[in-house]
Amino acid sequence: MTYHEEWQKRTDENADANTREAFIKHYYAEEQEAYDRILSAFPEKLSGTAKELMDRLGFTDPVVFAGFVDGINPSLATGVDLETLDDASQVAFDIDYESLFWNMHEAKADWLYDLESWDGVLTEERRDDIVKRYRVSKMAVSSKVGRNDPCPCGSGRKYKVCCGRS
């Protein structure tokens, strides 16, 4: 079984709830430490074998590392093939940091996007801009014409007295 398959098995909704919860809690702690190390090393590009990166980022379990790679993959210039990931796999973390910050908000991972080590990567203004764009992208937008809005037919009259009559 590959590391990624084991990751999926351990995080499966049908797994024992207590075991799953303990594993996820362990994952979050190692994930936070790894991101702090990555952000603190900015602008250094991290690459090497999976085993070397696991050791460098503080992972104690290769399955947890596979979950981490699964999470960071959308923010990488070139993704990592999770199905073949093993200790000897060559891995390069060429991270798009703005995308990473956005994806952390998408995951609602405040323990990650609130890390102080972001200060050395993206300015506070840039992070605020990304957060603003993220929030705007999640706002509900209605295309429904209100009864007192101008009629979309272009007549210049209110919708309720033009095309909105039943």
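This is a predicted model: local features need pLDDT of at least 70, side-chain atom pairs count only at pLDDT 80 or more; totals for chains, interfaces and linings use all residues.
The largest nonpolar core comprises 41 residues, and among its members I38, F65, F68, I72, L85, F93 and W118 touch the most other members. Two or more residues are contributed to this core by each of α1 (3-10), α2 (17-40), α3 (50-57), α4 (62-72), β2 (90-93), α5 (97-106) and α7 (124-137). The surroundings of F68 illustrate the packing: leaving aside residues up to four places away in sequence, F68 touches Y27, E31, A34, Y35, I38, L57, F59 and F93.

Just after α3, G58 adopts a positive phi of about 90°.

Aromatic side chains form 13 pairs when the whole structure is searched. In one of these, F42 and Y97 are arranged edge-to-face, with 4.9 Å from centre to centre and 85° between the planes; because F42 lies in the loop between α2 and β1 (46-49) whereas Y97 belongs to helix α5, the pair ties together parts that are 55 residues apart in sequence. F42 is partly exposed, at 31% relative accessibility, while Y97 is buried, with a relative accessible area of 12%. The rings of W102 and Y134 likewise form an edge-to-face pair, since their centres are 5.4 Å apart and their planes stand at 85°. This pair links distant parts of the chain, with W102 in helix α5 and Y134 in helix α7, 32 residues apart. Within it, W102 counts as partly exposed at 22% relative accessibility, and Y134 as buried at 10%.

The loop between α4 and β2 contains S89, which is buried, with a relative accessible area of 15%. When residues up to four places away in sequence are not counted, S89 touches G48, T49, A50 and T84. A polar atom of the S89 side chain lies 3.3 Å from the backbone oxygen of T84, and the backbone nitrogen of D86 lies 2.9 Å from a polar atom of that side chain. Between S89 and D55, which are 34 residues apart in sequence, the C-alpha to C-alpha distance is 14 Å.

Side chains of opposite charge can pair when their charged atoms come close, and the salt bridges in the model number twelve. R37 forms a salt bridge with E33, in which the closest N and O atoms are 2.8 Å apart; both residues lie in helix α2, four residues apart, or about one turn of the helix. R37 is partly exposed, with a relative accessible area of 35%, as is E33, at 34%.

A further group of charged residues, E98, R126, D129 and R133, is linked in a network of salt bridges. E98 is partly exposed at 32% relative accessibility, R126 at 24%, D129 at 31% and R133 at 41%.

Notes:
Residues are numbered from 1 along each chain as its sequence is written. Side-chain values use heavy atoms; hydrogens and water are left out. A nonpolar core is a set of buried Ala, Val, Leu, Ile, Met, Phe, Trp, Tyr and Cys residues joined through side-chain atoms within 4.5 Å. Buried means under 20% relative accessible area, exposed over 50%, partly exposed in between (1.4 Å probe, protein chains only). Contact means heavy atoms within 4.5 Å. Rings of Phe, Tyr and Trp (its six-membered ring) pair if their centres lie within 6.5 Å; planes under 30 degrees apart count as stacked, over 60 as edge-to-face and the rest as tilted. A polar contact is a pair of N or O atoms within 3.5 Å; within protein, one must be able to donate a hydrogen and the other to accept it, and residues adjacent in sequence count only if both atoms are side-chain atoms. A salt bridge is a side-chain nitrogen of Lys or Arg within 4 Å of a carboxyl oxygen of Asp or Glu.
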